[in-house]
Amino acid sequence: MIANIVKPGSNTRGVLKYLFGPGTATVHTDQHIVASWDGFVPDPGPKGSPGHDDRMDQLVKALDLRVKQAGDHAPEGQVWHCSLRAAPEDRILTDAEWAQVARRIVHATGIAPVDDPDGCRWIAVRHADDHIHIVATKMRGDLRPPRNWNDYHRAMTELTSIEEEFDLTRLSHGRQAAAGTPAAKRPTRAEQEKAKRTGRTRTVREELRHVVRTALAHAKNLEEFFNLLADAGLQVETRTLPSGDLQGYKVALPGDTNADGEPVFYSGSNLATDLSLPQIRQRLAAAEAGPLETTPAGRRPNPWHQAAMATERIRDHIDHSSADITQAHLAAFGEALYALPLYAPAHLKAELRRAAVAFEYAAHTRARVDHQHARALRGAIKAMRHHPADGSGLAMLLDAAILIVAAVQRHNALQHHDRQVAAARQTLVHLQAAYDQAAVMPLAALAARQPPATTVLTYAHHVRDAVPAYAEQILTEPAWEALATALAAAEAAGHDPAELLHRAAGRRSLDDATSPARTLTWRIRRLGDRHVPGRQARAAQARTSHIPPAARGTAAVLPTSTPSSSLTHQSR
């Protein structure tokens, strides 16, 4: 449930005429009072109903009585107006329940404390299923103004208790609201109704936001960002300062016009708080990390592998880093999700687009973050355009992405952010659907090259030693054959399979993995594609990984490795 306290006004009648009228942005129906300061106020009912005008006059006089009595001592902006809206997924509350909610809010905010006969006069009006409006005049019976300082935060804190007691969707309130509130504003009912009238599947704001985020995920600089928006068919206008410096931008969807036939423009910040021009500049600057470092063998690293490794590291940030650092990495991860449809096969694009949109409401917040914390992931995303993904690279990244979204879902559940939990769950549905299709051929290709049975038995022993808690599950999964092949390829390249398994298992927890065998397969592929460490480095890895000497293999140490697979380098 969300509270919205508007700027104080001075026209009581004007506010009431709107509440009991037919509505403008949305249609008002069955307008009536559900609660008031004394329970006996005249109810005007819908505009045009018998006796409406007379009862409206009586209600205005009753609400304004103390303001009139105070005369020159009455405060400016004496009308206090607060709307309370339930979440779309919540049940429809009864009038009695809304009345209880209204009384608790006027008490919590100091407008009309319980058992205070001098509390302000107020009414609660309902003209829709999902929300009410509370209107009060800010003059107490002792002709003093109420002590309603910090009323918004007090209202939101009270709503936390109301949500729990009424079994409603629990949202982010109080001091954590900024950190837990999505950067992307959910569509209003008016926007949804306009989309239906015009035959759109999404609101204009959602469509524009999707195009802007996709362009941002692909662009290397601001000029390319604006060019991509124009190429997508948007109308783009920029604002410049007298100095010639760019101040802001706005976009419009072709065919979306106002009553005068003019385009309806949205600034970046109106699409989402993290799409303002300053925020976009920060993100683009954070992606300018320079070329990916080459390996000791002189090869450019695979950006899909780099992105998967950077994605896996987000789990540690969720569990151990500060909120601003975590959000920087999650914002970059969101950009990666928007970039994937650009590079994925056609049959996966729809699911990946849905995953990107759903994740906006799972993790993106209005809190300001320092995007420099996620340079590695952004750099890998930008490099993907020159390295088209083979099946294994995409499946590898999707596997890591599923683990991170599962961690985000669990974190939101602990914070009782029910909407974000639902959004993360929806993201997982789409990512899992895409992964299940993307992983079939790469895993089958690996399984077809399974090593001899004696080698597989040796690897099974290594698995039981490295991950005893998951060993039996791994060895009975269909992906075990692919994992064994990945270990054999790594061993042929000079790696010690036992050490590699310990490193792969120790990198990140497998708790959120639906298939530990598949997750380990992709980790082994990434680690095996790296150069083989020297003897001293191998000894150091063994000490830090706490690998028993008996578990370490005797594979020969080679100076360099041959990658198990390579990607064709071409420009898009």
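Select F333 and show its contacts (heavy atoms within 4.5 Å). Leaving aside residues up to four places away in sequence, F333 touches T311, I314, F359, L377, A401, I404 and V405. The model is predicted, so local features need pLDDT of at least 70 and side-chain atom pairs pLDDT 80 or more, while totals for chains, interfaces and linings use all residues. Residues are numbered from 1 along each chain as its sequence is written, and side-chain values use heavy atoms, without hydrogens and water.

Next, colour the largest nonpolar core, which has 55 residues. Such a core is a set of buried Ala, Val, Leu, Ile, Met, Phe, Trp, Tyr and Cys residues joined through side-chain atoms within 4.5 Å; buried means under 20% relative accessible area with a 1.4 Å probe, protein chains only. F333, F359, L398 and L431 have the most contacts inside this core. Among the elements that give it two or more residues are helix 11 (303–320), helix 12 (323–343) and helix 15 (391–414). Helix 15 supplies the largest share, 13 residues. Helices are DSSP runs of H or I, at least four residues, and strands are runs of E, at least two, numbered from the N terminus.

Apart from this core lies another, of 29 residues; select V34, A86, W98 and I162 among them.

Now move to the open sheet, where 3 strands are ordered 6-7-8 with antiparallel pairing; pairing requires at least two DSSP bridges. Strand 6 (235–240) and strand 8 (266–267) are at the edges, each with a single partner strand, so one side of each lacks a neighbour in the sheet. Strand 7 (residues 246–252) pairs with strand 8 over 2 bridges, and K250 has S267 as its bridge partner in strand 8.

Conventions. Buried means under 20% relative accessible area, exposed over 50%, partly exposed in between (1.4 Å probe, protein chains only).
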